Each structure stands twice: as C-alpha cells, then as structure tokens.
Amino acid sequence: MKPIIIANWKMNPASLKEAKSLFSAVSKKIKKTSSEIVFCPPSAYLFLFQKKQGFKLGAQNCHWEERGAFTGEVSALQLSSLGCSYIILGHSERRKQGETSETVKNKVNSVLESGLMPVLCIGESREQRDRGEEQKVLEQQILESLEGISQNKLKTKGLCIAYEPVWAIGTGMPCDPEEAQKMMLFIKKVVSGIYPLDKIKILYGGSVNSKNAEEYIKESGYDGLLVGGSSLDPEEFSKISKLF
Ligand code: PGA
C-alpha cells in the first residue's frame, strides 16, 4: 500500500509570494514518488495547488455545516469544490484554542458526507503521559470524535487517524518508533471495536524528518505520516516523499 504523506503547512508561509516559491520548489522535487502526497496549505493558498498533477490537496480544518451565517468559516463542501480530498481535523493546535471532540465529531461527519477523507488527529500531552494516561486519553478522543458515525459512512472513503503526541509536535523530540508502534496497536484495538480495520489508516505525526520517517512506516507499521516543520523545507520534504 502507498504510504500517505501529508504536508501540514499550518499558518505558513507569511505571504503569497513566499507560498508560490515554496510550492514551486517542492512540486519540482517531489515528482518521482510512489507515496500519496497531500498538501495542506492555509486555505488562502489552496488556489495555487489547483489542477496540478502528482499530488492531492487538503485543508487544515472546516466547519460542520455546508453553508450559512458562520463568519470566517469554510465548509467541507466548499473545500471539496476547490479540489481538496483530505481535511485535517482536531489538530492539537486547534484543540488548544478550544476545539472539542464534540465539534470534531460534527466535522468528521460533514467531511465524510462531502465525500472527503477526514484526518482525525489525536494525542496526549506531556503531563498526561507523565501521569500514565496516554491510552485513556487516546481512547476517549477516538470514541468521542467518532460517536454516532456509522460504519456505513466510512464505506466509500474510510478514515485516517493521526497519532500526534502533543509533546512531539514541533519540538524536535519525536516519539520513539517502538513506543509509536505500541500506541498504533492500541489505536487499532480501540477502533476495531467500531469499524472494520481495512477502512482505517493510521498516521504518525510529531517531529518527522527525513532521518526518522522511514522507521514509522517500515518498523512501526504506520500507513503514513503527518509532517509539519519538515514540509516547509523542499529538500527535507522531497527526501521524505522519496523514501517509499
Ligand atoms: P511537526 O508538526 O512535524 O512540526 O512536529 C506535525 C503536526 O503538527 O502535524
């Protein structure tokens, strides 16, 4: 199976000019890869990626309604009409700003209804891990974010779940591949109680770079990677994409 490599640009870069040059540098370099490459730039730059070949397009968030009086929001359907096929949901940087599993659940539902692939982010904080609560936190995030979402909804697209320990994000301190594997098997165990596992892809995210990327796929057994900082470096990101 092709690994899914998602570039999460977050709120970068700072200007359209920089976004254009980053996009042109990256897209030239990633041509020969057998991975499924997904770019998730800020919504403001999505148009740059339209009609380009060789990769998929995604967004970093959406609203759960299709349209209406929701100032500042964008819907899954609108993102789909711009060519997006993946939407990252429940990223810890959004949960820190007040996003709850309840809103994430509504968003997962709407993304599936719009025919797109949700990338549900889950992960424990440093404090939760220090208290030995990591599995409890993951289980709760999974069950609450998917509550009431039937197997039938997953029939066409399926679902990606990204394990992103909060303490590994942007810190240069990635999760040890052995520990990451343990967490992946735990996620599978929880999810298998709700859905057939062949509908679920599990991704790792948190300080992924060209040196450690391979371990998560080949040793830990993840189906893909969610890459933040290294996706803003054309050299690094192309190296990661060519590993598989
Ligand atoms: P990072 O971010 O690769 O910079 O740690 C990952 C993410 O937040 O998705």
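1. The ligand and K10. In this predicted model, a polar side-chain atom of K10 lies 2.7 Å from an oxygen atom of the ligand. Taken alone, the ligand exposes 280 Å², and the protein buries 95% of that area. K10 is placed in the loop between β1 and α1. Its backbone also deserves attention: phi of K10 is near 50°, a positive value in a residue other than glycine.

2. A polar backbone atom of S207 is 2.7 Å from an oxygen atom of the ligand, and a polar backbone atom of G229 is 2.8 Å from an oxygen atom of the ligand. A student inspecting the site may wish to display the backbone atoms of S207 and G229 together with the side chain of K10.

3. The shell around the ligand. How many residues surround the ligand? There are 13, and the closest are K10, H91, E164, G170 and S207. By type, the shell divides into four nonpolar, seven polar and two charged residues.

4. S207. This residue, one of the closest to the ligand, is placed in the loop between β7 (200-205) and α8. S207 has a positive phi of about 60° although it is not a glycine. Is S207 buried or exposed? S207 counts as buried because its relative accessible area is 17%, and the cut-off for burial is under 20%.

5. A cis peptide bond. The loop between β1 and α1, where K10 is found, also holds P13. The peptide bond that joins N12 and P13 is cis, with omega at about -10°.

6. The largest nonpolar core. This core has 62 residues. Which of them touch the most other members? They are F39, I87, I187, Y204, Y222, L225 and F237. Helix α7 (residues 177-192) supplies the largest share of this core, seven residues. Apart from this core lies another, of 13 residues, among them I4, C40, Y86 and A162.

7. Y222 as an example from the core. Not counting residues up to four places away in sequence, Y222 touches Y163, A180, Q181, M183, M184, I202, L203, Y204, Y216 and I217. One of these partners, Y204, is itself listed with Y222 among the core residues that touch the most other members.

8. Helix α9. This helix covers residues 234-242, and its buried residues are P234, E236, F237, S238, I240 and S241. What covers them? The cover includes the strands β1 (4-8), β2 (36-40) and β8 (224-227), as well as the helices α1 (16-29) and α8 (213-219). The N-terminal end of α9 is capped by D233, a side-chain oxygen of which lies 3.1 Å from the backbone nitrogen of E235. F237, a buried residue of α9, is also listed among the core residues that touch the most other members.

9. K107, a buried lysine. K107 lies in helix α4. K107 counts as buried because its relative accessibility is 4%, against a cut-off of under 20%. What does the side chain of K107 meet in a polar contact? Its partner is the side chain of E99, at 2.7 Å. The side chain of K107 also reaches the backbone oxygen of C62 at 3.3 Å. Leaving aside neighbours within four places in sequence, K107 is in contact with N61, C62, H63, W64, L89, R94 and E99. By contrast, Q128 is 21 residues from K107 along the chain, and their C-alpha atoms are separated by 25 Å.

10. K105 lies in helix α4 (residues 101-113). With a relative accessible area of 14%, K105 is buried. Its contacts, leaving aside neighbours within four places in sequence, are E144, S145, E147 and I149. The reader may compare this list with the contacts of K107, which include N61, W64 and R94.

How values were computed:
Residues numbered from 1 in each chain as written. Predicted model: local features only at pLDDT ≥ 70, side-chain atom pairs only at ≥ 80, totals over all residues. Heavy atoms only, no water. Buried < 20%, exposed > 50% of the residue type's maximum accessible area, 1.4 Å probe, protein only. Helix = DSSP H or I, 4+ residues; strand = E, 2+ residues; numbered from the N terminus. Contact = heavy atoms within 4.5 Å. Polar contact = N/O pair within 3.5 Å; in protein donor to acceptor, adjacent residues only side chain to side chain. Near = heavy atom within 4 Å. Areas by Shrake-Rupley, 256 points an atom, 1.4 Å probe, with all protein chains shown as cover. Nonpolar A, V, L, I, M, F, W, Y, C, P; charged D, E, K, R; others polar. Core = buried A, V, L, I, M, F, W, Y, C linked by side-chain atoms within 4.5 Å.
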